[in-house]
Structures are given as structure tokens and as C-alpha cells.
Amino acid sequence: MFRYEPRDEQLLRERASQFRDQIQRRLSGELTEAAFKPLRLQNGLYMQLHAYMLRLALPYGQLRSEQLRALASVSRRYDRGYAHITTRQNVQLNWIRLEEVPDLLEELAAVHLHAIQTSGNCVRSVTTDALAGVAPDELEDPRPYCELLRQWSTLHPEFAFLPRKFKIAVIGASEDRAAIAAHDIGLRLREREDGEIGFEVWVGGGQGRNPVLAKRLREWLPKAELLSYTEAILRVYNLHGRRDNKHKARIKVLVGALGLERFKARVEQEWERVRAGGLSLREEDLEAMRRHFAPPAYASPPIDSRELRAARLSKDRGFARWADANALPHRMPGYRAVVVALKSPARPPGDLTADQLDAIADLADEYSFGEARTTHRQNLVLPDVESWRLPELFARLEALELASPSHARITDIISCPGLDYCNLASARSIALAEAIQTRFAEPERVEALGELHLNISGCVNACGHHHVGTLGILGIDKQGTEGYQLMLGGSIDPEPRLGKVLGRALDLEGLVDAIDRVMAHYLQVRRSPKERFIDVYLRVGPEPFKEVVYADHPPPRDRDRQLPAPIGRGAPTAGG
Amino acid sequence: MYTMLDPMSADPAPAAPNPASARTPAPSAILTASRVADGRAVYLRLDRVWSEALRDAGPLPDEASQQGALEWARGLEGEICDPYLMKVRAQSDGLEPISARERIRALGPGWIRQRFGYQV
Amino acid sequence: MIDNYQHLSDEAPLPPAADVFVSRSRWNAERETLLSHRGRVAVRVPGDADPDSLHRDGLSAIAIDFPTFTDGRGFSLGRLLRERWGPDFELRAGGAFLRDQIFYLSRVGFDAFELPEGEDLDAALRALDTFGFAYQPAPGAAGPDRRA
């Protein structure tokens, strides 16, 4: 992975020092909250329900074991001993004291971690596929380009006060594992007719209150112009994006208002000007960057996997089930990319303790060349594990409670922090995730249900990506009580598609029941185990599911609006 | 802690209440804000000291006292930020927030987390 | 920074041989007179001005007034002017901006800053050196070697 040079390290230190000064001025009252807020957001510091939340950047999801250990250390020292992985591959700490932030950042700067631009109206962390560089279907590794974009966007002086946040994702395969269809700019590496590889440029995707799928802006862009073209798009957005209404300020609104052709004309006009300047990349720049991401010293030929075969055939299906779900195909024979599942009834999706962070650091060193990745489904990946070692890795993960065979199954839940933490939320999402995990605690059933993406958002801002979940759930505030809307049929890949609301909102218990019924019906009507839920949904449509969910539900009783609705009604029991 | 329906009890909902019951007191307001030092939710006491405990909050019975407290709080830049009025109901053993959000804000995040020791 | 310019309202008479700042509308209305003025002439424009509507025309300086510090259009506007007109004019930041933005403003081409009343001058000068290095080339710079 990319190695910082002294100048990159210097930037982190200077940034931490700048923020230290700003915090001082805030604590002394010299800076008002109004002036301080945009500054602290550009350093990833949010004010939430209970405390400050600090969002640290993990650019394109890459982590070294030393960084995992540093995260464990700061979460113990400055937080409450756990961390949360987000849907943009970043990590969050939830209990930060303002005056400790500078020390925390300094400690992280030593291992090249930071919180620069993880919030605010600026260019955010660039995300990609967690399997970048190891996926067998990849045309080319997107990570060098992610790093180039990271450098170009970091402390970019012109684009720190955009109309709104700006998110970029890059993918190197045709399967959109980075959800580029839902990003402000999406870049896909693709091959031209003459065999040359460049970028397909997508623009204007985004979820939130008014979800929009990205439109293709340019069919093919030479790699050399990656930065110049992106700069042109940003400049047009900065100058012309709406600033009068926060909910109409994303680039998707500008693209919609101008129409794709007019928007493109402006971008291309600006680009003609920009590409004459210093942003064009030379072949040696690209080559130098690619060298940072050279593959590790894979064992070749791969070691015979007799133990692996034995483990798979054993009567205890635990290992086989886990390997089938979580040990993903790798481009090198004899290797797998292993999903470390941060999902179980006992934890909020994406959370892990400091002890687990330390343990995973050791596992990364022992099994995966010291490297780990975060995924947008809020898990971790050990990208380069030799297949013959899977049984022993499984045992170690099981001991750590990190071996849920959940990848791409119904228990692989994406959930935002929701009303338990977030100032913006309408309803709790973690409680719902835990209730669903408990309801679907039987591994055989989960395995039988097959491929599913269940995504929960606690409010319309859609940080849980509910619009593109096979099952998407939106938490709403129904006159002071928590309600949940179920939508079906969303997807990112192969066709980006927004889910459709099935019917009226339900309470937490009712929603868990609804999912149960939907799944039971799916098993009933599918033609074979190969027909996934999404396939059945596309075949039969929403009506049959609507019927089983709402058929014998009586209309809602007139509730006593004067008494508060209880939290925790229908809460799951211990032990899952 | 103040009175609140125990989230872990098997039957947290009260028996079918009569909406017109005279036992249900009218809501009043208190002032709450976030502490600058650590982001903690704090509540304003009658003596204009900020407390972490909701039960210490001074009820503001009318428009005048509410606006007065709010204006005063808005002038404090170093200690707290984002002050706002919050509806509560007075019960026999203390104040109770009306909204789910304020209950969580006062109690802390999910009780499940507390059960499994994530909260120190 | 000592401001050598007088800032004229739209109605104030033009002092002979003095350096003056005028509003955009006055500049448009009295361009002929101002072009033959014997002092230096500069114009103030709002942060949302259309870059294509502005022309060099012998101006010695241009001030961009930020309506609020969160409105970042002035950064792109300033940069475009610096790139188009080259180094030989003063690009001044005015209106609502924070001293914390001075480093970025200087990196996109601003070389003068109207500090608000009471702003600490030393702190503002120090802000110009917040970072010793930048990933992005400054306007007019060519090639990948980027130094602050």
C-alpha cells in the first residue's frame, strides 16, 4: 500500500497543529460555534447526541496492522474501547472530548491516520471495492488512482467551501462493488475498443431524501487526465451548485437542472482550459503510483489444501458454512480474501472492540501480509489469505466472535448509528438490526435464504444506504413514535435500482415480523435455491410480499398520544 | 435516575390508558444544550448551573421564563452550545422527556450496548 | 497591510491622481473616465460574480467580497482571475472570510487580505505559513513539483 514520505507526514502534523489552535480558540470563546463548526467538520468532528464523534479517514479502506493497533490504542485511551466502521469505509469514535482531539490526532499522525475532510462541504474520502487488487474479475487495480485522487483532494484550497459534501468512488471491475452509481463522481476503469484502459466517468448519484442514480458523463477518459477532468467538474460545481437550500445543493441537483448535455458542455469547456496546466499525469507518475500497490510475495505454487478439504467435509458444518460465505475468490490460485464479519446479535453492525482490533492486527500479520481492508458493508477483509490456512483462521476468528457466516446474507446488515447516537436520526437503527439478527439466528436458515443486502437507515439522510438494499428499511418519526418503512428490490449491481416502499410503516416488532414473513414467502415461491430473493422479486413483483406482510395486520389502534411510547418494546433476549 | 419505563421489563407498556385522563399532567419545558468540552447533554438548573442529570433541570413554566433562559444561554459561547427548549412531563418522582430522542439523549445509547459492556 | 487605496462610494467624486477602489456597477458605468484616471483603479466584485463577465482592462487590483465565509465561490473566481490575468495585479480578499481561510486563499492566488476589525495581524501573517507543502499546484505552476 501507499507509503507516506516525510512531506506527507508533515502535512498531517501541520493539520493537527492548525486544529489544535482552532480548538484552543473555541474553548476560550474567541471562536463562536458558528465559526468553529465548519472548521471542526473539515477535521471530521461532529457534535452528536451524547458526545463528539470523530470520523477518521481510511482512504479507500486500506489499513496496515500498525494502524489497527493504533486505533485500538486511541479507542482505549480517548474513547470507550470500541470503534465503528462506516458505509464509506471510514472509522468512527463516539465519545471524544474536544480538548483531547489534538493529542489523539498527533498519536494517529505517527501511523499516517488522520481525520482530514471526513466531513464538511469538501471532497470526502475516496472509496473503492474492498477487494481491490485481489478480485478475480478486476480489469485493473483502482487503488493507485484512489491515492492520486486522495492527494489531489487533500487540503485542496479551492474546494473546501463547496455548496455541499462531495463523494468520489472508483471501481476496477464491471461489478459495482463500490456503489459508484450512488456517488457524486463515480469512476470505472474500462477498456476501449483499441484495448487502452481509461475511465468511464459517472456523475450526480446520491441517496438521501431524493435518491438519484448517477449518469454517465464521459464514456472514456485517458488516465493521464484523471485529475484535470475531476478538477473541471469540481470547479463547475463550486461555481454553479445551489447554495440557497441545503437539500438542493448536491451536484445531482445541478446536473438535473442543467440537463446532462449542458452540464457536460460546461465541464468540457473548463477542462480544455485546465488540461493545459499542471494536473495532467505523466506515465512515470502513474507508474510510480502503481508501484506502491505492487502485489505481495504470494506463495507459488500454492500449498496443497488437504486440511482444507478435510475441514469442508467434516460433520461440523460450521467451517464449511463460514468458508462458503466469507472466504471470497481471489485472483491468485490458492488464496482467498476473507471477510471478518462485524455482525452478530450481540453487537451493533460494524462495531468492534479495542481487543478485537489488536487481535485482527495480529491476524493480518500472520495471515495477510500485515494488511486489512474496511468494506462499505461495515466489515473488515483480510485480503490475501492462503486457502490451506482457512481452517485455523476460522478457529481464531470464532474465538474472537468475528466468524459470523454472514457475508452478503441477511445477517450482513448495514446500519447507520441511528437515534442511539446521531443528532439527525428519526428512529433507532441499531435496536432494529439487533432484533433482526436475533430473529435470524439460525445459521441453516440464513444460509438457505442466500444472497441478500439488508440496509437500515435511521432517517431520510440514508447513511445506511437503504435505497439500494434488497431489503431497505427507513426509520421515521411517526408523531413521536418510531416507525419503520420496508422497501424491497433495491440493488447496485448489475442494475442500479432504487427499492420501492412496500406499504405503511410498522413498529419495530412489526417490522421484524414483516421480514420474517417476506423471507418465508420467498422460500415458498422460489423455483430453486439458485433463484435469489432479488430474482424472485423481479419475477413476481411486490404484491405477493405486500399481501403476506399486511394481510392480517389490523389497522393501527388509536394510540394514547399523551403517554410516551416505550423504547425497547419487543427487545431481543440475551445470547441471540 | 429519573422516572422512565424500564426498557428491559417484559411488559413496558402501561395498561390501556384513558386519553382524557386527568392524571396525565400537561407538558412543560426545560432548557438543554451540549457541553463544549465533551459534547455531553446538559440541562439547566433553576440556579443557572448546567447539570448532566435531567432530574436537576428547572422547569420553565411559561413563555417568558423559557425565552429568557434561551436568550441567556445563547450568549454563552465557551461553555455550552446549541441550547434549545425541550418538552418534559412532570411525574411524581421527577421529570420525564416526551420524545424518544430526548430519552436516549438523557439515558445514553442502547441498553444492549450497556449489557454487553461496551459502555464503561 | 497598509491600504493605499481610497474606497469610493458610487456617488463620491473621483479624487485626482489617487488610487481608488470602485464598485463593479460604477466601473461599468464610468469605464471611460476611470480608464484615463491618473491613479490606479481597482474594482470590488461580489463573491458570486461571473468570471466571464470580468475583464482586466488596466485594473491594478480586484477585490472579491465573500458574502459569508462558507460561500466558496470566491475561491474559484479568484483562481480563474489569477490564471487568466497572470501575476501582475493585486487579488484581494474582502467581505466575510476567516483568518483560517487565509492559507487556502493565498494558494488559489489571493495576495492581499482585508482583515476584519480587531483581527490579530500577527496571527493572520502566521496563517500564511500553516502548511509547508501542498499537493495541488498553485495557479500558473506547471508540472508535478508542488511547493507551497
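Predicted model: local features only at pLDDT ≥ 70, side-chain atom pairs only at ≥ 80, totals over all residues.
## Close-up views of a three-chain model

**View 1. Meet the chains and see which ones touch.** No contact joins chain B and chain C, and their closest C-alpha atoms lie 18 Å apart; two residues are in contact if their C-beta atoms, placed from the backbone, lie within 7 Å. Residues are numbered from 1 along each chain as its sequence is written, and chains are lettered from A and ligands numbered from 1 in the order in which they are written.

**View 2. Look at where chain C meets chain A.** Here 24 residues from chain C face 26 residues from chain A. On the chain C side, α3 (73-85) and α4 (102-108) are the elements that give two or more residues. Helices (H or I, at least four residues) and strands (E, at least two) are DSSP runs, numbered from the N terminus. The most comes from α3(C), with four residues. The chain C side divides into 12 nonpolar, seven polar and five charged residues. In this grouping, Ala, Val, Leu, Ile, Met, Phe, Trp, Tyr, Cys and Pro count as nonpolar, Asp, Glu, Lys and Arg as charged, and the others, Gly among them, as polar.

**View 3. Follow chain B to its enclosed helix.** Chain B has three helices and five strands, in the order β-β-β-α-β-β-α-α along the sequence. Buried residues make up 32% of its 120 residues; a residue is buried if 20 or more other C-beta atoms lie within 10 Å of its own, exposed if 12 or fewer, and partly exposed in between, with C-beta atoms placed from the backbone. Helix α2 (residues 100-107) of chain B is largely enclosed by the rest of the structure, because eight of its eight residues are buried. These buried residues pack against β19 (481-488) of chain A, together with β2 (41-44), β4 (80-91) and β5 (94-97) of chain B. Just after α2(B), look for B:G108, which takes a positive phi of about 105°.

**View 4. Find a mostly covered helix in chain A.** In helix α5 (residues 143-153) of chain A, 10 of the 11 residues are buried, including A:Y145, A:L148 and A:W152. The buried residues of α5(A) pack against β6 (127-128), β7 (168-171), α6 and α9 (283-292) of chain A. Just after this helix, A:L155 has a positive phi of about 55°.

**View 5. Watch two helices of chain A cross.** The axes of α6(A) and helix α8 (residues 260-274) of chain A come within 8 Å and cross at roughly 125°. Axes are lines fitted to C-alpha atoms, for helices over the stretch in contact, and angles run from 0 to 180 degrees between N-to-C directions. That angle makes α6(A) oblique to α8(A): angles under 35 degrees count as roughly parallel, over 145 as roughly antiparallel, 65 to 115 as roughly perpendicular and the rest as oblique. The residues of this contact divide into seven nonpolar, one polar and four charged.

**View 6. Step into the largest nonpolar core.** Of its 238 residues, A:V340, A:I360, A:L432, A:L511 and B:I30 touch the most other members. A nonpolar core is a set of buried Ala, Val, Leu, Ile, Met, Phe, Trp, Tyr and Cys residues joined through C-beta atoms within 7 Å. Helix α6 (residues 226-240) of chain A supplies the largest share of this core, nine residues.
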